[in-house]
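User: I have a structure open and want to talk through it. Can we start with the charged side chains?

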Amino acid sequence: YDRMLQHFVRLDHAEGQLRCLEGSLELQGGADAGRKIGYLLRQELERQEQPSLPKVAALWALAERRGVELHRRQMTGVLYALMQLDRHVDAFRAALRALQQGGDLSPRIGELLSTGLSRDPSHVDDAYYELEEEAKRGGAVPLKAANLVVLSCARIPDLDRAFATWAELPKLGLSPDIETYNALLSTCVRAREFSSARRLLNRMEAEGVGHNATTYEHRVALHMMSGEPQGAFVVYRECKDAELAPPQGMYHALINHHLRRKPRPNAAAAAELLEEMKADHTRVNMNLQRNVADAVAAVAEDREFVFGNRRGPQEGARGPASNLARA
């Protein structure tokens, strides 16, 4: 089996490699399983061209059956492969295993995973079922995995599912943290449930749960959506006073409010906020910068400003002036 495996590796024959690997492991038991699976998985993930996603998924499934712990970088590759194959529940299962092994999930992976699960509410239920089964087996359930389920509910958005998951945390031996509350607040924002959000914020205050930048961002969104822009700017100053860098979404909401003001945009305030945003973030959306620049120019030239207009001041005209502007 090992000699045939070497031949199939040289031939780059995925099915032959997997069959020889399974046959070898059947004869050897668990001995050397981690090294062989890890070698093939690393070789596939490090290919210069696009790796074979089904092969990566098959190697991960074999590692699961054999109880093999994969390296953190390999688990990252497995997660991306499963998500690209639209196997989001399997991706959640792999993320759960990575967290149980002491690994962590990047914000990007957490965002992609919760978005994938939210495409079908039954996937969210299946993900929570995985947590329940793990608790029944006596395994440790990572809070970050439970927070992913709540965040997936937020992206549906399904307020009932989100709060039901929150209520079940004690059964899993877990207590909510700031990320749990942020996921619940995100659900309230997306579902436009302002009263539920306020009750949740009151509970956070009663339990002594502090705010992070994401919490402030959700509070700004709640004020904006409920028609209380002045409250949103108060929350922004609270965030700055707490020495936290406001997220880009918060800046976008506040700057766009200044640009949409009627009858004329508050271009000076928008430009000031944009400079603060550049001080806090290295990359700033180009369209936002163009909109602010257009607003400043429109106020200086005493002309109408159209929010979201990405053309220059002369490009809307016809004739030679328009052609010169484009050139």
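Analyst: Arg 65 is a place to start: at 57% relative accessible area it is exposed. Keep in mind that this is a predicted model.

User: What does Arg 65 form a salt bridge with?

Analyst: Its partner is Glu 22, and the closest N and O atoms are 3.5 Å apart. Glu 22 sits in helix α2 and Arg 65 in helix α4, so the bridge ties together parts that are 43 residues apart in sequence. Glu 22 is partly exposed, at 34% relative accessible area.

User: And which residue pairs with Glu 15?

Analyst: Arg 19, with the closest N and O atoms 2.9 Å apart. Both are in helix α2 (residues 14-28), and because they are 4 residues apart, about one helical turn separates them. An α-helix has 3.6 residues a turn, so residues three or four places apart point the same way. Glu 15 is partly exposed at 47%, while Arg 19 counts as exposed at 57%.

User: Now Arg 219, buried or exposed?

Analyst: Buried, at 17% relative accessibility; the cut-off for buried is under 20%. The side chain of Arg 219 meets that of Glu 238 in a salt bridge, 3.1 Å from N to O. That pair links distant parts of the chain, with Arg 219 in helix α13 and Glu 238 in helix α14, 19 residues apart. Glu 238 is partly exposed, at 31%.

User: How many salt bridges does the structure hold?

Analyst: 27.

User: What is the lining like by class?

Analyst: It has 7 polar, 6 charged and 5 nonpolar residues.

User: How many cavities of 30 Å³ or more are there?

Analyst: The search finds 1. The largest cavity has a volume of about 30 Å³. Its lining includes Trp 60, Met 75 and Arg 97. Helix α4 (residues 53-66) gives the most to this lining, with 3 residues. By class there are 5 nonpolar, 1 polar and 2 charged residues.

User: Back to helices. Which residues of α5 are buried?

Analyst: Gln 74, Met 75, Gly 77, Val 78, Leu 79, Ala 81, Leu 82 and Met 83. They pack against α3 (33-45), α4, α6 and α7.

User: What follows α5?

Analyst: Asp 86, which has a positive phi near 60°. It lies in the loop between α5 (72-84) and α6 (88-100). Glu 243 also has a positive phi, near 60°. That residue is in the loop between α14 (229-241) and α15, and it is exposed, at 75% relative accessible area. Most residues other than glycine have a negative phi, and most peptide bonds are trans.

User: Where are the cis peptide bonds, then?

Analyst: One joins Ile 156 and Pro 157, with omega about -15°. Pro 157 is in the loop between α9 and α10 (159-168). Another joins Lys 262 and Pro 263, with omega about 0°. Pro 263 falls in the loop between α15 (248-259) and α16 (267-280).

Definitions and conventions: Residues numbered from 1 in each chain as written. Predicted model: local features only at pLDDT ≥ 70, side-chain atom pairs only at ≥ 80, totals over all residues. Heavy atoms only, no water. Nonpolar A, V, L, I, M, F, W, Y, C, P; charged D, E, K, R; others polar. 1 Å grid on protein atoms, 1.4 Å probe; cavity = no way out; pocket = protein on both sides within 12 Å on 5 of 7 lines; lining within 4 Å. Points joined across faces, edges and corners; volume = space filled by probe spheres on them. Helix = DSSP H or I, 4+ residues; strand = E, 2+ residues; numbered from the N terminus. Buried < 20%, exposed > 50% of the residue type's maximum accessible area, 1.4 Å probe, protein only. Contact = heavy atoms within 4.5 Å. Salt bridge = Lys/Arg side-chain N within 4 Å of Asp/Glu carboxyl O.
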